[in-house]
Amino acid sequence: MIPPHSHHTKEDNVDSWLMSYADMITLLLCFFIIFVSVSEPKKEKMTAITEGMAGKFGSVDLATPFQGVFRSLQAVVEAHQILKDVAIEKGENNLVMELSSLAFYKDKTAEFDPKMLPVLEELANTLRSIEFMDYRISVEGHTNDLPIATGMYPSNWELSTARAARMVRFFIEHGIKAERLRAVGYADSKPKVPNVDSHGNAIIENRKLNERVMIKIEQVL
């Protein structure tokens, strides 16, 4: 006859794996609870940002954030009907805005044309709305080849740098963090198009195109 206790010992051994399985499931459940609880604030923040931008500029695709920012900036330009004064190009991890200095600044100065302040404010507000993404903004000032000599700007180097710095200061005043920004002036050293033809004759329209400020928004990878 088999002792009674031997039968119970065999059953306990058969069911013992269930305890290990249950422990594993419990640990996995705890892990996912912690994971979700940690991730939720970020998700809420991104959702709030998305809804805020969507309410003003339309939907934003967080999977490709620069596409959403591009649409938002383009909407500002189209709303103010300044397509001839602003060009926006989108790359995979960057955006480049080109602003005509003749339209946005007073002649031969780094002071903004007051008529363009509403446009600049909306552009700055759009850029401030992408705080969920690591990015930096470089502002470049460019001029044509015509020399300038005023009491405030002895050369195009000072003028181009002052215009870039003024744009950066405007962005800071409108809530964009200073550590994200940098300003640089190139004078006429990087023309978009030739200022003169092969015979040395001035190309007036090209000189106007070279008077510009470039705003480069790059994602930090």
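This is a predicted model: local features need pLDDT of at least 70, side-chain atom pairs count only at pLDDT 80 or more; totals for chains, interfaces and linings use all residues.
Residues are numbered from 1 along each chain as its sequence is written, and side-chain values rest on heavy atoms, with hydrogens and water left out.

**Figure 1. The protein chain with its six helices and five strands.** Helices (DSSP runs of H or I, at least four residues) and strands (runs of E, at least two) are numbered from the N terminus, and along the sequence they follow the pattern α-α-β-β-α-α-β-α-β-α-β. Of the 221 residues in the chain, 35% are buried, where buried means under 20% relative accessible area, exposed over 50%, and partly exposed in between (1.4 Å probe, protein chains only). Among contacts (heavy atoms within 4.5 Å) with a separation of 6 or more, 66% involve residues 24 or more positions apart.

**Figure 2. A nonpolar surface patch made by Met 24, Ile 25 and Leu 28.** The accessible surface of the protein chain comes to about 13,300 Å², and carbon and sulfur atoms hold 59% of that area; such areas come from the Shrake-Rupley method with a 1.4 Å probe, and for residues only the protein chains shown count as cover. The patch covers about 250 Å², a patch being made of residues with over 30% relative accessible area and no salt bridge, in which like charges are joined within 9 Å and nonpolar side chains (Val, Leu, Ile, Met, Phe, Trp, Tyr) within 5 Å. Ile 25 has its place in helix H1, residues 4-57, and is partly exposed, with a relative accessible area of 39%.

**Figure 3. The largest nonpolar core, with 36 residues.** A nonpolar core is a set of buried Ala, Val, Leu, Ile, Met, Phe, Trp, Tyr and Cys residues joined through side-chain atoms within 4.5 Å, and in this one Phe 104, Ile 137, Phe 171, Ile 215 and Ile 217 touch the most other members. The elements that each supply at least two residues of this core include helix H2 (65-79), strand S2 (94-100), strand S3 (135-142), helix H5 (156-173) and strand S5 (212-219). Neighbours within four places in sequence left aside, the contacts of Ile 217 include Phe 66, Leu 95, Met 97, Leu 127, Ile 130 and Ile 137. Phe 70, found in helix H2, is in contact with Ile 88, Lys 90 and Leu 95 when its own neighbours within four places are left aside.

**Figure 4. Strand S5 paired with S2 and with S3.** Two strands pair if DSSP finds at least two bridges between them; seven bridges join S2 to S5, which run antiparallel, and eight bridges join S3 to S5, which also run antiparallel.

Figure 5. A salt bridge here is a side-chain nitrogen of Lys or Arg within 4 Å of a carboxyl oxygen of Asp or Glu. In the pair of Glu 98 and Lys 192, the closest N and O atoms are 2.8 Å apart, and the partners stand 94 residues apart, with Glu 98 in strand S2 and Lys 192 in the loop between strand S4 (181-185) and helix H6 (204-210). Glu 98 is buried, with a relative accessible area of 17%, whereas Lys 192, at 44%, counts as partly exposed. Arg 163 and Glu 211 meet at 3.0 Å, N to O; because Arg 163 lies in helix H5 and Glu 211 in the loop between H6 and S5, this pair ties together parts that are 48 residues apart in sequence, and both residues are buried. Glu 173 and Arg 169, the pair of the opening question, meet at 3.5 Å, N to O; Glu 173 is partly exposed at 48%, as is Arg 169 at 43%.
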